[in-house]
Amino acid sequence: MNDNNIFAARMNELYGLIEYHADLYYNKDNPEISDSEYDSLVRELNQLEKDYPQFARKDFLTHKVGGVPNDLFAKVNHEVPMLSLDNVFDFDELENFFGRINLTSDFTCEMKIDGLAVSLIYEDGNFIRGATRGNGHVGEDLTSNLMLIDSLPKKLINPPSGKIEVRGEVLMTLERFNNINKIREENGETPFANPRNAAAGTLRQSERNNHIIKERGLDIFLYYLVDAEKLGINTQFEALNWLSEHGLPTQKAFEFCKTLDDVEKFISKWENERHKLNYVTDGVVIKFNDLTQWQKIGSTSHAPKWAVAFKYPPEEAKTKILEIKISVGRTGVLTPVAVLEPVRLGGTQVQRAGLHNADDIARKDIRVGDVVKVRKAAEIIPEVVEVDKSARTGGEKIFTMPERCPFCNSEIVKIPGEVAFRCPNRASCPAQLKESIKYFASRDGMNIKGLGNRLASNLVDAGKVKTLSDIYKLKFEDWITLDKVRERMANFVLSQLELSKSRPFVNLLTALGIRDVGKNAASLLVEHFGNIDALINASEEEISSIEGIGSVIAKSVHEFFRNEENLILIENFRNLGFNLSTSRGDSAIAESGKGLNNQIFVFTGTLSTMTREEAGEKVKSLGGKVSNSVSSKTDFVVAGDKAGSKLKKAETLGIKILSEQEFLNVIQF
């Protein structure tokens, strides 16, 4: 085979690989390789296309934008195409990119957000339509789903008249991503590969399942104002400030850079600083600041010539797997964890890496003693990328999942159709009990401040707690005998436990840790059944008929209340005086539509008498509504200590502001 045939064959191979992985990324939100690995394939193909243009496919997707719009959603034509960005990987490439069109000064630098690109249309300040980028010319209409993102304003502050279009990225914060993946692993589900795919998959829910959007809590940042010149805006820096001033959320990590040297300083500064952000960034977007020149500079069919993305190199390191340990979550799922020789990665020392499940270990052929490449997936979670099989000595040990739980010695089970192995001993497995206590005391649960990981472990290890209700039977003397618990801490936890007894029914139902039941599903169940007894006696069919619940959650709920130990636990909570129903007075007000009569409340700052979540639940029980963002439709903003930007926005819009005491008077708490 001559050289030309060799390169033609390699190009055909790359076309197939890139097409396959692009489909997984753009259309299925389920990638198999990292962004850097995909970029490497594209760069190799681009170089081969330059060297051997006779074999190039001019219509290939690398010369186009994005993916294929999903038939599940209506199509939207973009009046102005939504282009992608070309990438550069070092400062020489950056200078060459702008040097080709003689741009050497006046740039805006913005951190590159790893999310799902969307376009939003506002008419006289009101949000009327939102769509994905799709193939750049035609996207998917996701208006109803985008409406469920709390940080997306439904009405602009001081809105201009007529139509405006803004563009940005829907994203999932790292905090939410980590929490969701933890729950997915506990439920025996495959964790999301990264926040971008979690956000994209969440936003593309069908109408029947779009409650998931609210439950997972997506966010959005805007960075592009289409036809900004019509509003008298002439630079990208001005456009970003205009977006923020009108209530559209923008990231704070952007800066005007006079020269390319300033651009390089910004890139260098944020290479480490980006790890402090609560969202994923994999580079910096550099745009020529003068909007009036964008059209003259022009674009290719794929990307503009006035902007480029500088991609940071992936942070990876080699180390050795010393051991594979097993952790057990609150639902009994066994998760293997690699114990590593300490290695520096992303500015921190890494000693552990998640291995997800036995199938993942087998697929990557990971063994104890292997030298492996690790990286921080999604900029924060250490993961094993691959094994260096050339470094094997023959002494490596193949890992197999244990047959018995390492914490309670119960026989492990594997349910058909699941990747997870489970310990079925929910009643007395100490590992599950520790995780259950932590979840029970969490913010969405009973919100018991002070009862965290260390105390939960101490309680179980000391044999003081066998079931969740036992926590409430402990006396002062029991608490101060625990390791590092002093009088002040003991009194604080006791006061928090007493306070938690009066939390709303929905908090208790969430705190029980029923598989697949989070705060949103618990709210739907409480709203439908009203009390615990009606829920216990409900059939699986009745539960699944509730809009937003579905068969999976219904099965979990029905099975939970068929378990005798769980019924005993409920009776214990009843005897302790917990709320096991919505109060009759509150229900009557809510059902009659009186009381707060659908008035909308927004909370900002810290309340001293209750949490903002508890205040919100009280508002809902009295027939009101709660929003996370201030708009012209807001009736009241309740300002606690250290109130933030929502207070300023309320003052600008002339919305009634209540102090905490005034709020208590309104609800007669």
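**Contacts, cysteines and cores in a predicted model**

Thr 108 touches Gln 236, Phe 237, Leu 240, Glu 255, Val 285, Ile 286, Lys 287 and Asn 289, with residues up to four places away in sequence not counted; contact here means heavy atoms within 4.5 Å. The structure is a predicted model, in which local features need pLDDT of at least 70 and side-chain atom pairs count only at pLDDT 80 or more, while totals for chains, interfaces and linings use all residues. Residues are numbered from 1 along each chain as its sequence is written, and side-chain values use heavy atoms, leaving out hydrogens and water.

Thr 108 has a relative accessibility of 0% and counts as buried (under 20% relative accessible area, with exposed over 50% and partly exposed in between; 1.4 Å probe, protein chains only).

What about the cysteines? A search of the whole structure finds 0 disulfides, a disulfide being a pair of cysteine sulfur atoms within 2.5 Å. Cys 257 is in no disulfide, and the nearest cysteine sulfur, that of Cys 109, is 3.7 Å away. Cys 257 is also buried, at 0% relative accessible area. The sulfur of Cys 405 lies 3.7 Å from the closest cysteine sulfur, in Cys 408, which is too far for a bond. Cys 405 is buried as well, with a relative accessible area of 3%.

Now to the nonpolar cores. The largest nonpolar core has 68 residues, and Leu 120, Leu 146 and Ile 286 have the most contacts inside it; such a core is a set of buried Ala, Val, Leu, Ile, Met, Phe, Trp, Tyr and Cys residues joined through side-chain atoms within 4.5 Å. Apart from it lies another core, of 52 residues, including Phe 440 and Val 517.
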